[in-house]
Amino acid sequence: MNKRLILVLVACGLSACSYDDREGNRMPDTSRRVMPGILQSVTPSQQRAIMSGERPDWTEVPPVKIPRR
């Protein structure tokens with residue numbers, strides 16, 4: 001009885017160690033951003049996509065506005 005219990009515990013321990021996380025090994029897709037930066041302004045085409053319920057193209061970067069003195 002005691003020998004069987006030890007064998008079962010060893011088998012359970014070894015089976016827990018054999019877990020293979022294949023999803024974690026993937027590189028994230030950086031070609032298309034999901035959300036813009038917190039300080040990024042929105043282009044007119046992105047604004048139209050947001051208002052119509054579509055997914056905007058976040059790779060489109062608005063032009064940089066230089067403040068006038």
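Trainee: Leaving out residues up to four places away in sequence, which residues does Pro62 touch?

Mentor: This is a predicted model, in which local features need pLDDT of at least 70 and side-chain atom pairs count only at pLDDT 80 or more, while totals for chains, interfaces and linings use all residues. Residues are numbered from 1 along each chain as its sequence is written, and side-chain values use heavy atoms, with hydrogens and water left out. Taking contact to mean heavy atoms within 4.5 Å, and not counting residues up to four places away in sequence, Pro62 touches Gln40, Ser41 and Thr43.

Trainee: How far apart in space are Pro62 and Ser41, C-alpha to C-alpha?

Mentor: Pro62 is found in the segment after α2, where helices are DSSP runs of H or I with at least four residues, strands are runs of E with at least two, and both are numbered from the N terminus. Pro62 and Ser41 are 21 residues apart in sequence, but their C-alpha to C-alpha distance is 6.8 Å.

Trainee: Does Thr43 count as buried or exposed, and why?

Mentor: Thr43 sits in the loop between α1 and α2 and, leaving aside neighbours within four places in sequence, is in contact with Glu60, Val61 and Pro62. Buried means under 20% relative accessible area, exposed over 50%, and partly exposed in between, with a 1.4 Å probe and protein chains only. Because its relative accessible area is 7%, Thr43 is buried.

Trainee: How far does the backbone oxygen of Asp57 lie from a polar atom of the side chain of Gln46?

Mentor: Gln46 lies in helix α2, which spans residues 44-52, and this residue counts as buried because its relative accessibility is 1%. Not counting residues up to four places away in sequence, Gln46 touches several residues, among them Pro56, Asp57 and Trp58. From a polar atom of the Gln46 side chain to the backbone oxygen of Asp57, the distance is 2.8 Å.

Trainee: Into which class of accessibility does Ile6 fall, and why?

Mentor: Ile6 lies in helix α1, residues 2-17, one of the 2 helices of a protein with 0 strands. Because its relative accessibility is 48%, Ile6 counts as partly exposed.

Trainee: What percentage of the residues of the protein count as buried?

Mentor: By the Shrake-Rupley method with a 1.4 Å probe, where for residues only the protein chains shown count as cover, the accessible surface of the protein comes to about 7,000 Å², and 61% of that belongs to carbon and sulfur atoms. Of the 69 residues of the protein, the share that counts as buried is 9%.

Terms used. A polar contact is a pair of N or O atoms within 3.5 Å; within protein, one must be able to donate a hydrogen and the other to accept it, and residues adjacent in sequence count only if both atoms are side-chain atoms.
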